[in-house]
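Try each task on your own, then walk through the solution.

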Amino acid sequence: MTHSTTIVPILAGGGTRLPAHVGILQGLQELGIGFQHVVGVSGGSIVSSLYATGKSVDELKELTLHVDFQQFRGQSIISLIRSGGLSNGHVFEHWLDDQLGGVTFQDLALDLHIVATDVASSQPVIFNRANTPDLKVAKAVRFSISIPLIFSFQHFDDHVLVDGSILSEDALHRDWSGDNTPVICFRMRSSQKHTQISSNSLIPIKDYLSMLIRTFMTTISREYINEAFWHSTIIVDTKHFSPVEFNLSETDKLTLYDMGYQTTLQYVPQKVWEDEEQHPVVNQTTG
């Protein structure tokens, strides 16, 4: 039997755990898994967009190990009241656009698909070469990383956009390539970490919001996986690292990288090759 070596990887969620996604790409590269299409959701959209511009895995590893996530974290209660998030996300968007060289979707060699959520309809909004060729990739990524309460809602056409990771599974398991290339969705799962509020805090509401956001995003990451999608899903267990860890150390980031890397090496061969006779990795469409 001829083994398939082409998939459509979906880098789903992750928040600030970007090194884990880089580890996934490193694992796919070492396994000889190729792809023309890549899908990015939330934190996964950052890594997938950088990769789609031609950055190597080594470059991505270096970048994600040393970027200071704290520079993107807002603390404005006024911004939260006015636009639904502690940060408007402008600093992040400008940083990413600089890293990407200001590219639009039509400039990319790879077919990149960025997914955000329209809170008005609870439906996915997909940004790619076909739908939004002239849109800056950094803008689409900003839409996809709009973690509720951290980054403000974003408006695009008639949509009100938030983080793509709050979508149901069937929104991601579709025929992204248009030619039935099998998809593998990489999702991250974490456990709840106990957090104490400092009794000396002058503004305890920020601490309460931080715990609420952490709990919300951790709960999403532990969502039950529909049996229909199990054979095209790989879970990266990130232990206590939540999607909103803005103060990760370099050691933490290396640990996350290794989690993504080792999980890919262990499970991708099973998903793509070893189980293909009994459980072929096929596309599940949304109807």
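**Exercise 1. Decide whether S45 is buried or exposed, then say where S45 sits and what S45 touches.**

Start with accessibility: S45 has 0% relative accessibility, so S45 counts as buried. Here buried means under 20% relative accessible area, exposed means over 50%, and partly exposed is in between, with a 1.4 Å probe and protein chains only. Before going on, a word on the model: it is a predicted one, where local features need pLDDT of at least 70, side-chain atom pairs count only at pLDDT 80 or more, and totals for chains, interfaces and linings use all residues. Residues are numbered from 1 along each chain as its sequence is written, and side-chain values use heavy atoms, with hydrogens and water left out.

Next, the location: S45 belongs to helix 2. Helices (H or I, at least four residues) and strands (E, at least two) are DSSP runs, numbered from the N terminus.

Last, the neighbours. Leaving aside residues up to four places away in sequence, S45 touches L11, G40, I114, V141, S144 and I145. A contact means heavy atoms within 4.5 Å.

**Exercise 2. Find out how many residues of helix 2 are buried, and look at what comes just after helix 2.**

Count first: nine of the 10 residues in helix 2 are buried, which leaves this helix mostly covered. Among them are G43, G44, I46 and V47.

Now step past the end of the helix. Just after helix 2, G54 takes a positive phi of about 110 degrees. G54 lies in the loop between helix 2 and helix 3. With a relative accessible area of 59%, G54 is exposed.

**Exercise 3. Work out how helix 2 packs against helix 6.**

Begin with the geometry. The axes of helix 2 and helix 6 (residues 137–144) are 8 Å apart, and the packing angle is about 165 degrees. Axes are lines fitted to C-alpha atoms, for helices over the stretch in contact, and angles run from 0 to 180 degrees between N-to-C directions. That makes helix 2 roughly antiparallel to helix 6. The cut-offs are these: under 35 degrees is roughly parallel, over 145 roughly antiparallel, 65 to 115 roughly perpendicular, and the rest oblique.

Then the residues: S45, I46 and S49 in helix 2 meet V137, V141 and S144 in helix 6. The residues of this contact divide into three nonpolar, three polar and no charged.

**Exercise 4. Which residues does UniProt place under "active site", and why do they gather at one spot?**

The UniProt record, an unreviewed entry, puts that feature at S42 and D163. They span 122 residues in sequence, yet no two of their C-alpha atoms are more than 5.9 Å apart, so they gather at one spot. UniProt positions follow the numbering used here, feature names are shortened, and annotations may be inferred rather than shown by experiment.

Take S42: you'll find this residue in the loop between strand 2 (37–41) and helix 2 (43–52). S42 is buried, with a relative accessible area of 2%. Its contacts, not counting residues up to four places away in sequence, include G13, S144 and D163.

Now D163, in the loop between strand 8 (159–162) and strand 9 (183–189). D163 is buried too, with a relative accessible area of 0%.

How values were computed:
Nonpolar A, V, L, I, M, F, W, Y, C, P; charged D, E, K, R; others polar.
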